[in-house]
Amino acid sequence: MSLKRKAAALAADASKKPKPNATITSFFAAIPGSTSTSTTNGTTTLTTAAANFDKDAWVAKLSDEHKELLKLEIDTLHESWLPHLKDVLVSPRFLDLKRFLKKELESGKTVYPPMDHVYSWSRHTPLNTVKAVILGQDPYHGPNQAHGLAFSVLPPTPAPPSLRNIYIALKKDYPSFSPPPNKGGLLTPWADRGVLLLNTCLTVRRGEANSHAGKGWELLTQKVIETVAKVRTRGVVFLAWGKPAEQRVKGVDPERHSILKSVHPSPLSASRGWFDCGHFKKTNEWLVKRYGEGSEIDWNLDVDPEEAGT
């Protein structure tokens with residue numbers, strides 16, 4: 001069963017379960033200078049400010065060294081994000097980060113997530129699809145875990161403690177919530193439904209938590225947050241769990257967007273109010289109030305990993 005058919009089936013009991021997403025035309029109204037949609041003969045066309053961006057021309061202006069250093073960004077960063085992030089990518093701080101990563105890999109260090117997954121958050125959740133933003137910190141630093149989405153782990157790795165606590169809070173909001181099969185932690189269904197799962201730092205050395213913190217990733221991911229806050233002018237929900245995440249959203253306009261704050265779901269802090277934060281239901285209530293029925297996020301995760309993708 002496809003993900004869309006699965007989501008439709010889950011909607012059968014609408015009074016108990018969060019509803020699947022509405023179509024892109026019903027959720028995203030025209031936003032002057034950023035995002036608009038038009039429909040002709042049943043075909044929806046999305047137009048963004050990115051439409052004026054000539055990627056080939058931008059790449060052509062890069063030096064040979066910069067082309068080499070930014071190959072990952074050129075090849076794998078979704079083009080809805082690239083026009084908004086390009087100036088950060090060519091900044092001295094970010095280029096130094098890429099030189100650092102190159103040395104890490106050339107010296108034989110194992111870096112997570114695998115390079116082709118570093119920007120998977122951008123591909124699963126293009127800018128024009130963002131409904132909510134969940135902020136994480138550092139990627140998981142064990143094998144077969146991190147794959148570019150905050151809090152998410154690849155199967156067959158079981159859900160880590162923080163994610164299990166997320167499930168508990170979700171179950172309180174929606175008693176019919178279904179986690180991934182086999183005690184898993186794959187969150188790609190959320191990302192595909194408009195939940196941007198963004199870590200502050202996008203890489204880590206194997207077995208060494210925070211080993212790539214402070215190297216330059218923070219500059220880029222802060223720009224991602226600022227871009228969502230600026231471009232998604234009709235408003236999205238920012239879920240800031242823990243003090244570091246709260247600092248990241250300090251510049252977000254609380255009149256335009258919903259900002260939900262709580263302690264982090266880590267076992268070290270969850271007992272201080274996480275389980276009763278109600279963020280998942282509050283997110284959907286805000287979306288419905290802002291956009292109408294059908295704009296809710298389907299939080300259920302009982303999707304076959306092969307269908308969900310990575």
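User: Leaving aside its neighbours within four places in sequence, which residues is lysine 215 in contact with?

Analyst: Keep in mind that this is a predicted model. Lysine 215 touches Arg93, Leu97 and Phe100, once you skip residues within four places in sequence. Lysine 215 sits in the loop between β6 (204-205) and α11.

User: Is lysine 215 buried, exposed or partly exposed?

Analyst: Partly exposed, because its relative accessibility is 33%.

User: What does the chain come to overall, in helices and strands?

Analyst: There are 14 helices and eight strands. Of the 310 residues in the chain, 54% are buried. If you take contacts between residues at least 6 apart in sequence, 71% of them join residues at least 24 apart.

User: How do I read a pair of helices? At roughly what angle do the axes of α7 and α11 cross?

Analyst: Look at how far apart the axes come, then at the angle. Helix α7 (residues 92-106) and helix α11 (residues 217-231) have axes that come within 8 Å and cross at roughly 125 degrees. That angle makes α7 and α11 oblique to each other. On the α7 side the contact has Arg93, Phe94, Leu97 and Leu101, and on the α11 side Trp217, Leu219 and Leu220. By class, the residues of this contact are six nonpolar, no polar and one charged.

User: Which residues meet where α9 touches α13?

Analyst: Ile166, Ala169, Leu170 and Asp173 in α9 meet His279, Phe280 and Lys281 in α13. This contact divides into four nonpolar, one polar and two charged residues. The axes of α9 (residues 161-173) and α13 (residues 279-291) come within 7 Å and cross at roughly 55 degrees, and α9 and α13 are therefore oblique to each other.

User: What about one face of a helix? Which residues of α6 are buried?

Analyst: Here's the general idea: an α-helix has 3.6 residues a turn, so residues three or four places apart point the same way. In helix α6 (residues 82-89), the buried residues are Leu82, Pro83, Leu85, Val88 and Leu89. Their cover includes α3 (55-60), α5 (71-76), α7, α8 (120-124) and α11.

User: Where does the side chain of asparagine 199 reach?

Analyst: It reaches the backbone nitrogen of glutamine 137, at 3.2 Å. Asparagine 199 belongs to strand β5 (residues 195-199) and is buried, with a relative accessible area of 10%. Apart from residues within four places in sequence, asparagine 199 is in contact with Gly136, Gln137, Asp138, Pro139, Leu149, Ala150 and Thr221.

User: Which residues does valine 252 touch?

Analyst: Not counting residues up to four places away in sequence, valine 252 touches Ile225, Ala229, Phe238, His257 and Ile259. Valine 252 lies in the loop between α12 (243-248) and β8 (258-262), and is buried at 5% relative accessibility.

User: Now the backbone. Which peptide bonds are cis?

Analyst: As background, most residues other than glycine have a negative phi, and most peptide bonds are trans. Here, a cis bond joins tyrosine 112 and proline 113, with omega about -5 degrees. The bond from proline 155 to proline 156 is also cis, with omega near 10 degrees. Proline 113 is in the loop between β3 (111-112) and α8, while proline 156 is in the loop between β4 (132-136) and α9.

User: What is phi for phenylalanine 151?

Analyst: Near 75 degrees, a positive value in a residue other than glycine. Phenylalanine 151 is in the loop between β4 and α9 and is buried, at 9% relative accessible area. Asparagine 210 also has a positive phi, about 65 degrees, but asparagine 210 is partly exposed, with a relative accessible area of 48%.

Key. Residues are numbered from 1 along each chain as its sequence is written. This is a predicted model: local features need pLDDT of at least 70, side-chain atom pairs count only at pLDDT 80 or more; totals for chains, interfaces and linings use all residues. Side-chain values use heavy atoms; hydrogens and water are left out. Axes are lines fitted to C-alpha atoms, for helices over the stretch in contact, and angles run from 0 to 180 degrees between N-to-C directions. Helices (H or I, at least four residues) and strands (E, at least two) are DSSP runs, numbered from the N terminus. Angles under 35 degrees count as roughly parallel, over 145 as roughly antiparallel, 65 to 115 as roughly perpendicular and the rest as oblique. Contact means heavy atoms within 4.5 Å. Ala, Val, Leu, Ile, Met, Phe, Trp, Tyr, Cys and Pro count as nonpolar, Asp, Glu, Lys and Arg as charged, and the others, Gly among them, as polar. Buried means under 20% relative accessible area, exposed over 50%, partly exposed in between (1.4 Å probe, protein chains only). A polar contact is a pair of N or O atoms within 3.5 Å; within protein, one must be able to donate a hydrogen and the other to accept it, and residues adjacent in sequence count only if both atoms are side-chain atoms.
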